[in-house]
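Reader: I have just opened this model. Can you take me through the terms used for it, and show what backs each one?

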Number of protein chains: 2
Amino acid sequence: MALDGTSLIGFSRGSGREAPFRGVNATTGRVLEPPYYSCDADDVDRAVNLAVSAFGAYRALPRQRRAEFLRQIATRIEELGDPLLERAMEESALLPARVRGERDRTCLQLRFFAGMVEEGSWVDARVDTADPERRPLPKPDVRSMLRPLGPVAVFCAANFPLAFSVAGGDTASALASGNPVVVNAHFAHPGTAELVGTAVRDAAQATGMPEGVFSLLFGSGHQTGQALVTHPGIRAVAFTGSRRGGMALHQLAQSRPEPIPFYAEMGSINAVFLLPGALQQAGGPMAAGLYASINLAVGQYCTNPGVLVVPRGPAGDEFSAALAGKMRDAPPAPMLHAGILENYRRLVAARSKDARVRAVAYAETQDRAVPALFEVDAGVFMSTPELSDEVFGPSSLMVRCGGPEDALALAEALEGNLTASIWAGPGDEAAAAELVAVLEAKVGRIVFQGVPTTLEICQAMVHGGPFPATSDGRSTSVGGRAIERFTRPVCFQDAPDGLLPEELRNGNPAGIWRMVNGERTRG
Amino acid sequence: MALDGTSLIGFSRGSGREAPFRGVNATTGRVLEPPYYSCDADDVDRAVNLAVSAFGAYRALPRQRRAEFLRQIATRIEELGDPLLERAMEESALLPARVRGERDRTCLQLRFFAGMVEEGSWVDARVDTADPERRPLPKPDVRSMLRPLGPVAVFCAANFPLAFSVAGGDTASALASGNPVVVNAHFAHPGTAELVGTAVRDAAQATGMPEGVFSLLFGSGHQTGQALVTHPGIRAVAFTGSRRGGMALHQLAQSRPEPIPFYAEMGSINAVFLLPGALQQAGGPMAAGLYASINLAVGQYCTNPGVLVVPRGPAGDEFSAALAGKMRDAPPAPMLHAGILENYRRLVAARSKDARVRAVAYAETQDRAVPALFEVDAGVFMSTPELSDEVFGPSSLMVRCGGPEDALALAEALEGNLTASIWAGPGDEAAAAELVAVLEAKVGRIVFQGVPTTLEICQAMVHGGPFPATSDGRSTSVGGRAIERFTRPVCFQDAPDGLLPEELRNGNPAGIWRMVNGERTRG
């Protein structure tokens, strides 16, 4: 498919009047064709206004139609075939297996939400029937369910050109719950974005969706994103990226005349607690597992294990040496884009120069990221806030601590995180239980005997966590609950059956699980 | 019970060092005993720190213990007997039947949430079991449920000294979901607050709750509230009051180094659409019903019907005349406090002087609120934003419109509202369906053939709505879903059964409804 280089505004194209920018081969630095034209204020306005117009028709569609649309997007993405994978690899420097896996995950996710929409129970339908005989006042008939918020702005993530980008989890869950979506493409992978964007647009046309249900905007700077977040037609925003970028947009969203829900997933240090019994039992395999996790996709995961809590003593020393050896032997690798590489280089260089930190595996990063491993004493870690900052890339910091009470104090001092992990062995039972009691108030997900970088797509998954891991700790951007982010409950009191949504009608024609007079039933 | 006049900080009292203020008899203006001492920064700090300390122990309690605590609060409030009702009447000028009803509603609500906590399914437990044989990667075991956020600040509402105050819906739902609560008393009913506060404190002591699970702070100005909202230990805020107050606190909450969920319910104009068929059929009873609703508790409901959409023509004229007659005959009545009275006087006086508005029932408000009814043409209404502002008190504005397309345009122009109501009769079916399709994106609750001021406590109720009705349109402050506001999902991956919360364990020992591998089951 020939790339065009202009925004997709509903079923037409952006004006292409602004100065162009280009994608870059992230491995070679070579500039890629075609030029991409940043959209102007007019393009943003057209896209959002089309989304506003589409909202009424889109939310009124039978849920089977929305499911069909989502499945059609997955099919069309698969039909893009190898050219999509090749472009994504060029623009991200991610390896073939990873990009293929990410494409498959993107399609799995679209079908996962399609299945939820079709099944239908996620709307949390509640029916409380009337009792005209009740005294002192008759009881009204009250029914409610989740309904969509309206046009959602989605920001593509640098580190997931497919699964957290144009047709990623945010877009899939927003479309699934009945909201039009306007996507802000990431400047680092415009070609990938255009390919996926045309798949979504074609799916919308093929399944008879209203124009404006989807638009894709290109922009090299911050202007497009800021214009989107402050546009009165946008009703919610989903963002995956840095804390600085996320918080700037959060403040914009909350300072609008009409504040809107803003979901930023801003990364995390994902502490891994290695308890003494586990280290004794399986220090070697743990070093191998953590090495792989730290270096997965050149460490460019928001669930990357950035802090390892390792007991002092021989078993800890052995683990430290084993992991350091692997890290020193790891080859340098290209990162997603020059800004991310520069940020990584700066942060690990600073850490290597900190006299209180031991650089157990470190060499200077030039045009490839060199994996780096540091070690620090628990006391220094806890008294040095910047050591809790995320280092985005193939690096981790071992924090050496004394007994379990040290590990517990460290857990208590953690900021909000996406994950924490606990590796426990014989004799660690009490320490693990104490850690769980603290960590459940600190993170979105606690992983046992495993690495945080695996993120299953399923109903129970939570990919979120208290601030600063996200801007809204009540939500998850992965898993079944992600669909609830772009909804609110709407209630109907004493409504004639014919005016109710199908999900709330007498006799449950939708056949979904509901709560009827406080009891869960499918009847 | 003798009133003391100091804040309740956990199980002890505030310092009482700041300059005192006093409650006022809202009917006579007489100053009431005792003096109330605004808490100082130290008191706020102590209360929040106690709440932070209590959080770990409180959230770990078996759910039956939390239910027992909530029920004990209800019992203790009932045991306060007539002195509570008398003090609440003195401080609010609300009538005996209303205050008694509000007390009963408060206790009903506490028991409603106790029942939910005991039943337990509200935590939305999800279990996805492992599949070690899956290829290419084994499937992990993933489980999640809603867990509490942490200490919640609750602001008492002027217009509900019991049901939306110290032990009202916000406090009940926050305690139910496992969060300590620090209440900011309303300056207009400190005595009522202290009485209820001691009931909560006594219930906490009697049921062995950790100290700090509840505190009650007095303050005459904004300082106490601002100190609470900006305190790092506070994790969420619930507020019921004016748009100005709500938005000021919203900005504070969002500008903290760590932004927190902020739920403000800020009122609404609650448009009532009277369709032609309904007017023909039952104009008289509709006038009587709306008259009662507009004047309920001197119009001091956030669900007060502030706009009535009435067709032009003889039936509409007849309705207008009937309602105007009733409003003119209604006696003046004392309002909740001097500030609310002054605000009402100013707003209805301004409306009475507006040349484009017809004052069909109006007399100047002095020290008692005089019910007021205005009428305006739809065109003027839609081109005059300030006519959409809430007038808190016994007043409404009839908007006279042409055909159903006028009513529809008016619905489309509405801001976010708590409610809208539709009265439909023979021949109104199509117009009602069109209105529903528009209004479901504008309000939290659509009422049919009824008034918005009845607010049933049940699972399906929604008392919320898009901005500016609330600061967070995803939530409701009444009904079963209110409990979810102060929670977030927490996920456990590959956890040993013994380290899981009871709700997520194998074999479902809690006996709750769960989603297991995507299927709802109680097994």
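Reader: In what order do the strands of the open sheet that starts with β14(A) stand?

Author: Twelve strands form this open sheet, in the order β14(A)-β15(A)-β16(A)-β13(A)-β12(A)-β17(A)-β18(A)-β19(B)-β6(B)-β5(B)-β20(B)-β21(B). The pairing is mixed. Strands here are DSSP runs of E with at least two residues, and helices are runs of H or I with at least four, numbered from the N terminus. The model is predicted: local features need pLDDT of at least 70, side-chain atom pairs count only at pLDDT 80 or more, and totals for chains, interfaces and linings use all residues. Residues are numbered from 1 along each chain as its sequence is written, while chains are lettered from A and ligands numbered from 1 in the order in which they are written.

Reader: What makes β14 of chain A and β21 of chain B edge strands?

Author: Each has a single partner strand, so one side of β14 (358-361) of chain A and one side of β21 (519-521) of chain B are left without a neighbour in the sheet. The twist averages 25° from one strand to the next. Axes for such angles are lines fitted to C-alpha atoms, for helices over the stretch in contact, and angles run from 0 to 180 degrees between N-to-C directions.

Reader: How do you know that β5 and β20 of chain B pair?

Author: Pairing needs at least two bridges found by DSSP between two strands. Two bridges join β5 (residues 126-128) of chain B to β20 (residues 514-516) of chain B, so by the definition they pair. They run parallel. B:R126 stands opposite B:M515 in β20(B).

Reader: Which strands does helix α9 of chain A lie across?

Author: Helix α9 (residues 276-295) of chain A lies across β12 (272-274), β13 (307-311), β16 (395-401) and β17 (417-423) of chain A. The helix runs at about 150° to β12(A).

Reader: Is β17(B) mostly covered or mostly exposed, and what backs the word?

Author: β17(B) is mostly covered, with seven of its seven residues buried. A buried residue has 20 or more other C-beta atoms within 10 Å of its own; 12 or fewer makes it exposed, and in between it is partly exposed, with C-beta atoms placed from the backbone.

Reader: What joins β17(B) to β12(B) and to β18(B)?

Author: Three bridges join β12(B) to β17(B), and the two run parallel. There B:F273 has B:I422 as its bridge partner. β17(B) also pairs with β18 (residues 443-448) of chain B, in the parallel sense, over five bridges. B:N417 has B:V443 as its bridge partner in β18(B).

Reader: Why is the crossover from β17(B) to β18(B) called right-handed?

Author: The chain crosses from β17(B) through helix α14 (residues 429-439) of chain B to β18(B). This β-α-β crossover is right-handed because, with the strands pointing away from the viewer, the path from the first strand over the helix to the second runs clockwise.

Reader: How many residues of chain A are in contact with chain B?

Author: 59 residues of chain A are in contact with 59 residues of chain B. Contact means that the C-beta atoms of two residues, placed from the backbone, lie within 7 Å. The largest share of the chain A side, six residues, comes from β19(A).

Reader: How do you know that β19(A) pairs with a strand of chain B?

Author: Three bridges join β19(A) to β18(B), which meets the requirement of at least two, so the strands pair. They run parallel. A:F492 stands opposite B:I446 in β18(B).
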